[in-house]
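Biologist: Can you walk me through this model? Start with the fold, then the DNA.

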Protein chains: 2
Amino acid sequence: MPFEQLQLKNQLCHRLYMASNSIARAYREPLTAINLTYPQYVVMMALWEKDKITIAELIDKTAIDGGALTQILKKMTDKNLLEVIKDKHDKRKRLIKLTENGQALKLKAIDIPSKIRCKFNSIDAEQAQQLMSILDLVVKDLNKPE
Amino acid sequence: MPFEQLQLKNQLCHRLYMASNSIARAYREPLTAINLTYPQYVVMMALWEKDKITIAELIDKTAIDGGALTQILKKMTDKNLLEVIKDKHDKRKRLIKLTENGQALKLKAIDIPSKIRCKFNSIDAEQAQQLMSILDLVVKDLNKPE
DNA sequence: ATATTTTAATTTGCATGCAAAATATTTGCA
DNA sequence: TGCAAATATTTTGCATGCAAATTAAAATAT
């Protein structure tokens, strides 16, 4: 009987894997239209909320890996979306600042969430909220230090 | 008001992104112990359930990208976990077959699910089931052809 | 004041995820 | 029968995610 625990269809991790990949794939088309990858979009959302933050703050907000983030920020700098500026008071730190171009992109991204939401025909607002809540618990449980 | 839809904390996609990455990270330690990556573990689970299946069936079961799967199977062949055999009746197809070594690995993997489950202190069985159900709807909605 | 430790980022190496192009076969149809 | 269309996989190129090592600068301790 315990062997059934290894069945793929019973694995929460595999459901999450499929769901996460599926939704990232769903974003691909609208994001390609504005020349962003998904992680780049996450960075933009973080900065549209609060600009001029350090890399550490950006990592905290986006949960993107620091090593990957350095590369992502380079590409976004090349695309003239943002600037990476050395902090005058603490030279270890970098401040990320949107360019005008980067700020303006928000207008083009504004309707992406609703486009994605259109694809969820089987899920009502309550279920979506439930999902958010439980995922929040999952993330917290898994990231507890011990 | 609509601008708030772009807030990161309200994005289902970002919750899924974090949850999926967190859980994959949680598997890393026990899987490293038996020399598997997460996608490789998924392939093994699929094969422990049903051996001698084609690549297409494996893609269907695991939802792993075909291009990536080719590379993954190569590495798993090198590790003597499985064999890739040409189908005699249809030379386009390949059959994946576990080696004895690959079959035996199941015993070492058998307690991984419970180890992971231990980390979920805030989630009861009912919530886990709810999560599975809603994620299932998410995946189905997002993968509907149209 | 100087060595040690800590903190903030970057770099490196490996393993995917994914779209698009390329290969190899098999099917289906004129 | 012969060839175009459909299938099954592989290959290629790009963008992460992640752990570990490295670099640079600030904070602390003695």
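**Chain A and DNA strand D**

Modeller: Chain A has seven helices and three strands, taken as DSSP runs (H or I of at least four residues, E of at least two) numbered from the N terminus. This is a predicted model: local features need pLDDT of at least 70, side-chain atom pairs count only at pLDDT 80 or more, and totals for chains, interfaces and linings use all residues. Residues are numbered from 1 along each chain as its sequence is written, chains are lettered from A and ligands numbered from 1 in the order written, and side-chain values use heavy atoms, without hydrogens and water.

Biologist: In what order do the elements of chain A come along the sequence?

Modeller: The pattern is α-α-β-α-α-β-β-α-α-α.

Biologist: What does the C-alpha trace of chain A span?

Modeller: About 60 × 40 × 25 Å along its principal axes.

Biologist: Which part of DNA strand D is 2.8 Å from the side chain of B:Arg25?

Modeller: A phosphate oxygen, with an N or O atom of the B:Arg25 side chain at that distance. For B:Tyr17, a side-chain N or O atom is 2.9 Å from a phosphate oxygen of DNA strand D.

Biologist: And A:Arg92?

Modeller: An N or O atom of the A:Arg92 side chain is 3.3 Å from a sugar or linking oxygen of DNA strand D.

Definitions and conventions. Polar contact = N/O pair within 3.5 Å; in protein donor to acceptor, adjacent residues only side chain to side chain.
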